Amino acid sequence: MVSFELREFQERIQRTKRRMIEQGIDVLLITDPANMNYISGYDGWSFYVDQMVVLIIDEEQPLWIGRKMDANGAKATTWLYHENIIPYSDDYVHSSTKHPMDFVAEILVQIGQGNRTIGVEMGAYYFTALAYERLKQGLPNAKWKDATLLINHVRIIKSPQEIEYIRKAAKIVEKAMKKGIEAIAEGVRECDVVAEIYQKLISGTPEFGGDYPAIVPMLPSGENTSTPHLTWTDKKYRNKDMVIIELAGCYKRYHAPLARTVSIGPPSEQMKDLSKVVVEGLNNALDFVKPGVTCEEVEEVWRNTISKYGIIKDSRIGYSMGLNYPPDWGEHTASIRNGDKTVLKPNMTFHMIPGIWYDDHGVEISESFLVTDKGCEVLADFPRELITTQNLMVVGNMETGTIPHGEIS
């Protein structure tokens with residue numbers, strides 16, 4: 001079940017250890033599920049309990065430490081020797097008297113790591129304040145360093161195999177977006193549209209199936225299009241509703257997000273005009289992408305484009321993405337926004353989502369892209385425009401999941 005060759009994991013570890021040396025870290029406790037996967041291959045829905053991969057600077061293989069019932073999952077999905085998979089008993093789970101980090105501390109002391117400099121991912125979603133306190137109690141002689149995003153920055157440059165997985169995720173998102181748009185109509189419930197989307201996200205293509213995305217599909221409609229992060233309800237769509245669809249295909253935990261805005265029936269002139277501005281800005285920003293430019297320079301192109309129409313947007317328009325688990329498909333490293341001086345390099349992957357939201361309406365049209373040697377590769381093939389439901393019979397006749405530009409208006 002391991003998704004990469006051993007050599008790739010070993011190269012990842014060497015790059016990570018170089019960063020550990022730069023930051024003076026001897027032992028790295030990895031609790032972000034995506035970083036655990038990146039280093040060891042571990043893939044399981046067990047991140048709701050304490051678990052980690054331990055990377056020791058002078059040891060060849062890391063350790064996996066987690067719940068006993070998940071140890072066989074580690075044996076099935078990682079490249080580690082079985083003796084490097086160390087489980088704790090179930091009486092540590094949700095106990096008021098003991099904590100899994102007590103067990104981790106005991107293991108680190110037993111193997112001679114209790115006096116070293118230990119890095120922890122302070123900003124990881126699943127590493128709690130209580131976990132940190134129990135580690136410090138159990139390892140009083142250790143020195144502590146914040147290692148948040150240490151591995152995330154290693155992950156920002158993708159390997160050829162990772163890029164192949166992201167391209168497959170993009171094929172899945174094309175199919176899911178197409179199915180969602182086809183399902184939207186007056187009188188249809190939002191939840192039923194999402195059910196259609198999920199079927200495509202998971203079934204994928206005849207050649208390869210899909211995985212669960214790190215974020216659920218987001219489908220605000222009507223006045224709720226004024227905000228980007230609402231999911232769905234059981235209400236029925238009305239004529240002239242606007243609907244934003246933001247979702248991601250996922251393959252072997254690698255994502256390709258995509259957003260489009262749909263009008264049920266003819267859109268207003270205001271929405272037509274706003275969507276044209278978003279598309280123009282998105283096109284110009286994508287055309288500017290190439291190795292050597294910075295994230296803030298890409299954002300400046302977008303900002304200068306929309307400013308011609310008197311529009312101001314004060315939030316970022318994109319971020320690096322790829323491997324991840326709930327609750328986010330972003331990597332938390334580079335952002336396409338003013339002030340981010342990250343230099344774009346080949347094999348970085350981003351989601352550019354320059355949405356504009358007002359008090360009672362909004363538009364999202366996004367693309368995931370790969371930085372190439374000379375520019376960028378847009379990963380999904382889907383019409384980059386405001387979509388109306390009146391011409392969807394053409395879409396319904398298509399079998400490939402790829403919709404040529406102009407077929408939907």
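Arg 253 is found in the loop between β7 and β8. Strands here are DSSP runs of E of at least two residues, helices are runs of H or I of at least four, and both are numbered from the N terminus. The model is predicted, so local features need pLDDT of at least 70 and side-chain atom pairs count only at pLDDT 80 or more, while totals for chains, interfaces and linings use all residues. Residues are numbered from 1 along each chain as its sequence is written, and side-chain values use heavy atoms, with hydrogens and water left out.

Arg 253 is not a glycine, yet its phi is positive. His 332, in strand β10, also has a positive phi without being a glycine. The table gives the values; buried means under 20% relative accessible area, exposed over 50% and partly exposed in between, with a 1.4 Å probe and protein chains only.

| Residue | Phi | Relative accessible area |
|---|---|---|
| Arg 253 | about 75° | 0%, buried |
| His 332 | near 70° | 36%, partly exposed |

The loop between β9 and β10 holds Pro 327. The peptide bond from Pro 326 to Pro 327 is cis, with omega near 15°.

β7 and β8 belong to an open sheet of three strands in the order β7-β8-β16, with mixed pairing. β7 (242-251) and β16 (387-388) are the edge strands, each with a single partner, so one side of each has no neighbour in the sheet. Two strands count as paired if DSSP finds at least two bridges between them. Strand β8 (residues 254-263) and β16 run parallel and are joined by two bridges. In β16, Ile 387 stands opposite Val 262. Helix α7 (residues 160-183) lies across β7, β8 and β16 and runs at about 145° to β7. Such angles run from 0 to 180 degrees between N-to-C directions, with axes as lines fitted to C-alpha atoms, for helices over the stretch in contact.

Contact means heavy atoms within 4.5 Å. Arg 134, in helix α5 (residues 129-138), is in contact with Thr 97, Lys 98, His 99, Met 101 and Asp 102, leaving aside its neighbours within four places in sequence. Arg 134 counts as buried, at 19% relative accessibility.
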